[in-house]
Amino acid sequence: MTTTIPNRISTLFEQRNKRLLNVYFTAGFPHLDDTRMVLRGLQDAGVDLVEIGMPYSDPVADGETIQQSNGVALENGMSIKTLFAQLAGCREEITVPILLMGYVNPVLQYGVENFCRMCRQVGVDGVILPDLPLDLFLAEYAPIFREYGILNVHLITPQTTDARIRFIDQESDGFIYMVSSASITGSVKGISDGMRAYFERIEAMNLRNPRLIGFGISDQETFNTASQHANGAIVGSAFIRHLQDHGTSAESIRSFVQTIRP
Amino acid sequence: MQDILDTQTSFAVSDTGFYGRFGGAFIPEMLYPNVEELRQNYLSIIADPSFQAEFWQLLEDYVGRPTPLFLAKRLSAKKGATIYLKREDLCHTGAHKVNNTIGQILVAQRLGKKRIVAETGAGQHGVATATVCALMGLECIVYMGAIDMERQKPNVDRMRMLGATVIPAKSGSQTLKDATNEAMRHWINNPVDTHYIIGSVVGPHPYPDMVARFQSVISQEVRQQLLAKTGRENPDYMVACVGGGSNAAGAFFHFLHEPSVRLVAAEAAGMGVSSGHSAATTALGKPGVLHGSRTILMQTDDGQVTEPYSISAGLDYPGIGPLHAHLFDSGRGDFYAITDEEALAAGFELSKLEGIIPALETAHALAALDKMSLKANDVVVVCLSGRGDKDLSTYSKHL
Ligand SMILES: Cc1ncc(COP(=O)(O)O)c(C=O)c1O
């Protein structure tokens, strides 16, 4: 699937394709109104893409850290509706590509078409919905996403077969999200030889889409390793922990980003 | 188009795992290889003669099948119809759950899996899983909500005695849905050597279909037994409780395409459908995605899963299997919401009338008899899904 509407994600990868840093945070965490401050802080600290988590009661692909941040955000009253309200007007100051990451049920309840329309309206460029597999996405929702120019980013894992990777590559645009190991978020530490072998295998496939590696990227060393084998990396749990411990100030966010990519 | 038409009139699962508009496999890519491996192999494994031989032998010699179909005369007299009880409570481990775990452990072995993970609410499925793991010598890990571990302590001890590791699910509301989340996360983290034995007709395709097939022994036996006893294969009503819906799916299976058989499902209304403390999914839920399938689930307007409540831990689940969502949606099934109080009364009634103490889950099915307009010549089969030993502490508070 290719979209005709220009998209900040595609534009970014056309301009730069090395050592890109994508940082995840949960909307409405630690406080309901922190979303914009964290978004601005990340942009000011120089990250290349931002992934905003839409909190969900049952995030099965996430480990403890992100689960807890989802729980806190929900208790704070976070919802998709509130998130769009918070993001309204953000494009006056925010130029980094924005992805929304979350689970499919809240999006279904919001209405897929309404959701895509609002993404377009507030300036969201893409989404990541891990429990909406490619096959079901193509069968039911791809035309709506295409109409509004919203990219849907798909995951691959070390267990994904070559044939399926080819299929995902063919049906993706934006980038491919390479899950570094068979795991939920926040559960892997460091990069093993097995992971490196998987990175090399995918590298050798010469996919048409750029790749970002996520899960287990938490410091400069893991970021560097991932960047050697892909176009960059995604940091999630480590940043959530940092926000928890050091707060959401521009200073705090800048110092975190420095530890990943000085 | 043909596919859509077929699945609307048929209650069998479609190739892509749908019952009408419900079902499918809404899973993260991390689970895709495991679920796909299962999907590609389950039908051929089940059809294999060696599987068939071992499955039926174990159901007979280990589980104690066929379970009796018992004419409950005093209950019949009281309710004004002919009522048979399908005695799944007499299965080894005390409930129908073991029909499924026997089937799935044999599948897991044939897929070369070394370890089993499962979720449990009341602990019945956990016990049934720990049992078959002990039988086959496989490692067993059971996730159970931390709160459920307290309220179902005897079953925790049983699982441990059977050699299983019971891990408290401490996320979210610390009950069945969270135990299911944790079991799924465990499977994501251990994709190669582990099989996930889901305990009901829920989860991504092919689980709902696979579990329904293993439980279908219930209606298969009912047909034969009813024919032998009454000269007719089909009852007028088949009644079962629905948590996720596995005993109901098994009880309904061979009657799904027999329109003369009304399929009756009893859901847990808890303290009342509109009390805010309920698990009556079809009454309170809306279509959405839960644990890998599109189904009907209890949720907020924002699509967050709501915490259900029932006196019975086995019915304390915010969704139902996609087959049941389709039975409800299409009008093929009659769904009744039974309160804690009504279930307790039905449990005491059966105990005194027939000398059978039913599980609290099962008591919901029995209570549905009072909501149906039964006629004198109606033949009703109630799936007596489990025995009440595990619920004595709850019952005893109401003696
Ligand atoms: C005796 C009994 N009946 C029914 C259920 C509900 O499960 P299902 O709806 O899958 O049959 C349980 C679950 O623990 C149970 O133990």
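This is a predicted model: local features need pLDDT of at least 70, side-chain atom pairs count only at pLDDT 80 or more; totals for chains, interfaces and linings use all residues.
Me: Okay, starting simple. How many helices and strands does chain A have?
Reply: Chain A comes to 13 helices and nine strands.

Me: And how compact is chain A for its length?
Reply: Its radius of gyration is 17 Å, close to the 18 Å that the globule rule gives for 262 residues, so chain A is as compact as a globular protein of that length. Along the principal axes, its C-alpha trace spans about 45 × 40 × 35 Å.

Me: What share of the residues in chain A is buried?
Reply: Buried residues make up 63% of the 262.

Me: What about charges? How many positive and negative side chains are there in chain A?
Reply: There are 21 positive and 29 negative ones, and the centres of the two sets lie 5 Å apart.

Me: Back to the inside. Which residues have the most contacts in the largest nonpolar core?
Reply: That core has 191 residues, and the ones with the most contacts inside it are Phe25(A), Leu42(A), Ile52(A), Leu100(A) and Phe175(A).

Me: Let's take Phe175(A). What does it touch?
Reply: Leaving out residues up to four places away in sequence, its partners include Ile9(A), Phe13(A), Leu49(A), Leu99(A), Val153(A), Leu212(A) and Ile234(A). Asn22(A), His154(A), Asn209(A) and Pro210(A) are touched by Phe175(A) too.

Me: Which residues are in the second core?
Reply: It is separate and has 35 residues, among them Val264(B), Ala266(B), Ala268(B) and Leu384(B).

Me: I keep looking at Gly77(A). Where is it?
Reply: Gly77(A) sits in the loop between α3 (64-75) and α4 (80-87) of chain A. It counts as partly exposed because its relative accessibility is 38%, and the band for that label runs between 20% and 50%.

Me: Which residues is Gly77(A) in contact with?
Reply: Setting aside neighbours within four places in sequence, Leu32(A) and Thr82(A). Leu32(A) is 45 residues away from Gly77(A) in sequence, yet their C-alpha atoms are 6.9 Å apart. Over chain A, 76% of the contacts between residues at least 6 apart in sequence join residues at least 24 apart.

Me: What's phi for Asn206(A) and Thr93(B)?
Reply: Asn206(A) has a positive phi near 50°, and Thr93(B) has a positive one near 75°. Most residues other than glycine have a negative phi.

Me: Are those two buried or exposed?
Reply: Asn206(A) is exposed, with a relative accessible area of 65%, and it lies in the loop between α10 (193-203) and β8 (211-214) of chain A. Thr93(B) counts as buried because its relative accessibility is 9%, with the cut-off for buried being under 20%. Its place is the loop between β4 (82-86) and α5 (97-110) of chain B.

Me: Last one: what follows α14(B)?
Reply: Gly331(B), with a positive phi near 80°. Within that helix, residues 322-330, the buried ones include Pro322(B), Leu323(B) and His324(B).

Conventions. Residues are numbered from 1 along each chain as its sequence is written. Chains are lettered from A and ligands numbered from 1 in the order in which they are written. Side-chain values use heavy atoms; hydrogens and water are left out. Helices (H or I, at least four residues) and strands (E, at least two) are DSSP runs, numbered from the N terminus. The radius of gyration is taken over C-alpha atoms; the globule rule is 2.2 Å times the number of residues to the power 0.38. Buried means under 20% relative accessible area, exposed over 50%, partly exposed in between (1.4 Å probe, protein chains only). Contact means heavy atoms within 4.5 Å. Lys and Arg count as positive and Asp and Glu as negative; His and the chain ends are not counted. The place of a charge is taken as NZ of Lys, CZ of Arg, CG of Asp or CD of Glu. A nonpolar core is a set of buried Ala, Val, Leu, Ile, Met, Phe, Trp, Tyr and Cys residues joined through side-chain atoms within 4.5 Å.
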